[in-house]
Amino acid sequence: PVRLVLDASLLLDPVGAGAPVPTLRPGAEALLRRLRHSNLGVAICHPEEMPTTVSGFLEMAADLNSFGYISLPAPTGNHLLNELMLEWSRTSSCFYATSTVDEDLFSELQSHNWKVIAVDNECGTKDSGVVNIGKLQELLITLATLIKKEIASSSILMVGYAMKPSREEDFAKRGAFPLYPSQNGLIFVPLSFELHLASQLQEVDIILHKMTDEIISIDPNCSISFPRGISFSAGMSEVIRFMEEYPDFCIIDPFKNISPLLDRLQIQEILVRLQELGSEGRPKLRAPHSLKVINFSGSELQKQLAEANLSFPLIVKPQVACGVADAHNMALVFQIEEFSNLSVPLPAILQEYIDHGSKIYKFYVIGDKVFHAVKTSMPNANLLKSSSGDEPLTFNSLKTLPVATKEQLLLNRAQDNKSLNIGVVEEAAKLLKESLGLTIFGFDVVVQEGSGDHVIVDLNYLPSFKEVPDSEAMPAFWDAIRQSYESKKGKVQT
């Protein structure tokens, strides 16, 4: 086990005499949140009165039980290390992080095999054994590097990940990003866009990213061919430049492999190629019939629909599939007149609406493993039309997707009993993995009432796979990352 003790000085903004009550320093909240899911034993060392006198500290750190932290009294007098810290030194790899200089404490800690990390201070000489870093944001990657050296195993891999905080938290809560090595030897550390990125990337073996979260804008009038027409955050732009300079560096997954999933037209073209999987005695696997339009002009649109053999109702989706605010703003249209003043962004993709008994199958490909879950989906078109009031039904597919009621689900179950052929879809998953060159992705399948056609209606990169139990998803997730690394390194060496 690895133990980490954070001195309260590390978390608090220093204040002078008579100054207002101290607050958490920038970066402290993110540090505490990340350590909460790190699989390390974490303790906070502070004066006994600290939790009730420090603004913000009570909420973030004093509720030690909920955070999984241990509260330690600050060293006093001759008792520089309490009994618990002495016990840890005999059974664990121990680290003490602080921003104050206390040479006696440092000496005592080191005599009991503790590693000392000092932030914002030059504590002693290079030979003192104290590791000095300049910013709090450097602590986790420094700690990860020290843990890797402590284990002294060349098979331990450090994975640097870049995701927006909400997505990072979703994964971290499930145990996806342990700082203590996973069962197959992976250490996860967040990449900070506040620090020099190249120096961080020199320490990690693999980059894991959610590129689509870092998109600022996509020009819909530009063919989406990475990176043309796409504007990224400064941090992700730096990652992209690094990968251009070091193309053999392992990244999960290459940006060019993900870029087709930004464009629903390209997704459609990918899915159409899967139709060759159909064979006699098995259900037909296909993409939804669709049409790209650049405007909603009635007379021109009517002609295009006829040529594409599309009939109402139609689901209208922006061509840009993800990464921008309105990529998931959609509409279900029942007649041509409803296209006037439609708010779905252009260019758009018009797709047949498939009656599927309000049941959608979510498939997740994680390395060599394929998982699936069943979820309640939108009702059949006749039920939606009866409640639309002669207006298009607009919704955001991530937030306000209209789902069937219990009564509608019972009705659908009685009317159609077509079931999913898992074998056909798993074959499609394998073909998609090969053609896309992706490690972790997801897609949605509906079974069309009447025909039994299996229709893939969505394809996305690095989904949360939250419907898969953690006990199955996390080992598959870690194995997929390691296998991707070993495959990449094998190709480079040959």
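My helices are DSSP runs of H or I with at least four residues, my strands are E runs of at least two, and both are numbered from the N terminus. The model is predicted, so local features need pLDDT of at least 70 and side-chain atom pairs 80 or more, while totals for chains, interfaces and linings use all residues. Residues are numbered from 1 along each chain as its sequence is written, and side-chain values use heavy atoms, without hydrogens and water.

Next I looked into H7 itself, residues 103–111. Leu-105, Phe-106 and Leu-109 are buried there (under 20% relative accessible area; exposed is over 50%, partly exposed in between, with a 1.4 Å probe and protein chains only). These buried residues fall within an arc of 100° down the axis, so they line one face of H7. The arc is taken from the directions from the helix axis to the C-beta atoms. Glu-103 and Asp-104 are exposed on the face turned away.

Then I moved to H17, residues 422–436. Its 15 residues should span 21 Å at 1.5 Å a residue, and the end C-alpha atoms are 21 Å apart, which agrees. The expected span is 1.5 Å times one less than the number of residues. I found Val-424, Val-425, Ala-428, Ala-429, Leu-432 and Leu-436 buried in H17. They cover an arc of only 140° around the axis, which puts them on the same side of H17. Lys-430 and Glu-434 are exposed on the other side.
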